[in-house]
Amino acid sequence: MKCTACRDGVKAPFDFTMAFQPIVSLSRRNVWAYEALVRGPDGQGAPWVLDQINDENKYAFDQSCRVKAIELAAGLFGGDADGARLSINFLPNAVYTPAACIRTTMEAADRTGFPAHRIMLEFTEGEKITDVDHVKSIIREYKARKLITAIDDFGAGFSGLGLLAEFQPDVIKLDMGLIRGIDDHPGRQAIVSGILSTSRLLGLTVIAEGIETLDEMQTLQGLGIDLMQGFLFARPALAALPDIRWPDAPPAALTA
């Protein structure tokens with residue numbers, strides 16, 4: 001039945017939409033990506049939506065999220081091959097056969113004209129991974145199709161640095177628990193510095209999320225992080241792209 005759904009398409013199990021929040025490059029002063037964040041049809045928060053997911057509808061929900069995000073992004077910032085990336089969260093445990101379950105995503109990109117190489121699919125470290133080999137096969141399949149792969153909430157979940165060795169994604173997003181108040185926390189600064197050193201050796205792109213203060217931003221700049229996401233720059237906008245607030249800050253040595 002699941003393979004038939006992959007072939008014939010799926011219907012969203014309930015109504016929802018997306019809000020978009022930018023991931024900015026401070027050195028280039030532009031938007032590197034927009035993350036699609038699930039919301040209820042009337043703007044209800046993510047928990048309202050996620051509470052409705054169960055084992056019966058998680059596949060349909062996962063597929064529908066991808067399609068909804070691509071369709072909205074194509075109308076808001078699509079088309080340009082060199083434009084901002086689209087970051088979509090996915091559920092690894094809702095992917096049954098990677099080569100089959102990616103078809104709907106690729107077809108949505110083709111149909112809307114959104115360049116597939118600008119799609120970043122991220123899964124959270126906080127989701128319990130029941131089959132490491134299966135997740136590795138998902139990442140291999142996505143990379144083979146030139147999609148970008150990412151681990152979200154890195155530093156907060158089950159396996160930490162072990163995930164990098166096993167999965168080798170393209171991008172990691174540092175959990176806001178590491179970021180919050182980092183300007184006044186030498187221990188977190190040391191941990192982030194260590195993650196950055198490992199990431200450079202592995203050729204990974206690092207994004208810091210959850211930035212709310214100028215001090216946090218400046219500390220992260222000093223550590224060498226350029227890509228950031230958080231309320232300091234913009235709050236998510238429902239089915240729209242928010243205006244970016246560029247904090248006035250002294251220049252820092254940045255790395256791409």
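Which residues do ring pairs link into a cluster? They are Phe20, Tyr34, Phe77 and Phe114, where rings of Phe, Tyr and Trp (its six-membered ring) pair if their centres lie within 6.5 Å, with planes under 30 degrees apart called stacked, over 60 edge-to-face and the rest tilted. The model is predicted, so to speak of local features takes a pLDDT of at least 70 and side-chain atom pairs count only at pLDDT 80 or more, while totals for chains, interfaces and linings use all residues. Numbering runs from 1 along each chain as its sequence is written, and side-chain values use heavy atoms, leaving out hydrogens and water.

There are 10 aromatic pairs in the structure. In one of them, tyrosine 59 and tyrosine 96 have ring centres 5.6 Å apart and planes at 45 degrees, so this pair is tilted. Tyrosine 59 is buried, at 7% relative accessible area, and tyrosine 96 is partly exposed at 30% (buried is under 20%, exposed over 50%, partly exposed in between, with a 1.4 Å probe and protein chains only). Phenylalanine 123 and phenylalanine 167 make an edge-to-face pair, with centres 5.8 Å apart and planes at 75 degrees. Both phenylalanine 123 and phenylalanine 167 are buried.

As for charges, arginine 118 lies over the face of phenylalanine 114, 4.5 Å from the ring centre, and the charged end of arginine 235 sits over the ring of phenylalanine 231, 4.0 Å from its centre. The test here is NZ of Lys or CZ of Arg within 6 Å of the ring centre and within 35 degrees of the ring normal.
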